[in-house]
Amino acid sequence: MSRNVVPDAAAGEISVRRALAQCGLVPVDAQVLLAHALGVDRAWLVAHATDPLPRERAGAFFDLAKRRRDGEPVAYLVGRREFHGLDLRVTPAVLVPRPETETLVDVALERLPRDRPVDVADLGTGSGAIALAIASARPLARVLATDVSQDALAVARGNAARLGLSNVAFAPGDWYAALAPDAGAFDLVAANPPYVAADDAHLSEGDLRFEPAQALTPGGDGLDALRTIVAGARSHLRAGGWLAVEHGFDQSDAVRALFAEAGFEAVEVRRDLAGIPRVVAGRNLNLGSEP
Ligand SMILES: C[S@@+](CC[C@H](N)C(=O)[O-])C[C@H]1O[C@@H](n2cnc3c(N)ncnc32)[C@H](O)[C@@H]1O
């Protein structure tokens, strides 16, 4: 890209480098927002650090920077987030997909063969992150993505269409109630449900203030959605099928106990990249209690 992409005609006094330094944001946020305001990528900013910014682009950037300083997630400001190698559109109707949820996708993919069709459900799909990452990595899989929020499902459907993933279907509804009576059994059910306790102070701090409450907390001690999902899973799983769920940083023991209580076997706890126990997976091996 040429140096003149930032036109000199309307130039203000501030350079790319000074704008980044003066906006009051951590460097990565500043770079993502300035690249967005200019319609360039982050590498371009490095190569053009001394270019002057056009006045209206500088204004747009400093407006975005203020909204970020006030707490709005970068992903909402730019309308997208990368997840498991996919470029997802996100809006304030959906949780911003988190890096730790990529661990849940990895755990699911380890349990899904590449060479034959499998049936997968992603309960509480939000932007579609988990469902679409699985559908992309396992083209033979038939993935059902559900959510109680129609607005979230609209975002997820849009992402599937944009990514050209036709092996994903969508259904609205409350956890297992979203599954049609004739939906049959699944080889794997994945869920990253709301799991923050209702009295957790983080809900009224930082980025979380801008995300849908329904996506963050089920109320109470934060475990109610996980209780429902774990207790109901085996009647929707094939013999040998898997349930894999994400949970909060301090919920691993409680969630493992829920899996044991529900009769799951081969239960594994997986840590995320920060070393925090984050995912529990278990297998429906007891053929006697199959649906
Ligand atoms: C933590 S977000 C996860 C979103 C997405 N799966 C991800 O990992 O980025 C939880 C999702 O569950 C949905 N949800 C909340 N309560 C639900 C319910 N009772 N039944 C189905 N989905 C629900 C929310 O709308 C939200 O999209």
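Author: A crossing of two helices counts as left-handed if the near helix is turned anticlockwise from the far one by less than a right angle, and as right-handed if clockwise. This is a predicted model, in which local features need pLDDT of at least 70 and side-chain atom pairs count only at pLDDT 80 or more, while totals for chains, interfaces and linings use all residues. Residues are numbered from 1 along each chain as its sequence is written, and side-chain values use heavy atoms, with hydrogens and water left out.

Reader: Is the crossing of H2 and H4 left-handed or right-handed?

Author: Helices (H or I, at least four residues) and strands (E, at least two) are DSSP runs numbered from the N terminus, and axes are lines fitted to C-alpha atoms, for helices over the stretch in contact, with angles from 0 to 180 degrees between N-to-C directions. The axes of H2 (residues 27-38) and H4 (residues 55-69) come within 9 Å and cross at roughly 140 degrees. Angles under 35 degrees count as roughly parallel, over 145 as roughly antiparallel, 65 to 115 as roughly perpendicular and the rest as oblique, and H2 and H4 are therefore oblique to each other. The crossing of these two helices is right-handed.

Reader: How many charged residues does the contact of H2 with H4 have?

Author: Contact means heavy atoms within 4.5 Å, and here Asp29, Ala30, Leu33, Leu34, His36, Ala37 and Leu38 of H2 meet Arg57, Phe61, Leu64, Ala65 and Arg68 of H4. Ala, Val, Leu, Ile, Met, Phe, Trp, Tyr, Cys and Pro count as nonpolar, Asp, Glu, Lys and Arg as charged, and the others, Gly among them, as polar. By these classes, the contact has eight nonpolar residues and one polar, and the number of charged residues is three.

Reader: How many charged residues are in the contact of H6 with H7?

Author: The axes of H6 (residues 101-110) and H7 (residues 129-137) come within 10 Å and cross at roughly 40 degrees, which means that H6 is oblique to H7. Thr101, Leu104, Val105, Ala108 and Leu109 of H6 make the contact with Ile130, Ala133, Ile134 and Ala137 of H7. These residues divide into eight nonpolar and one polar, and as for charged residues, there are none.

Reader: How is H10 placed relative to H11, roughly parallel or roughly antiparallel?

Author: In H10 (residues 224-233), Leu226, Arg227 and Val230 meet Val255, Leu258 and Phe259 in H11, and the crossing of H10 and H11 is right-handed. The axes of H10 and of H11 (residues 252-261) come within 9 Å and cross at roughly 25 degrees, which makes the two helices roughly parallel.
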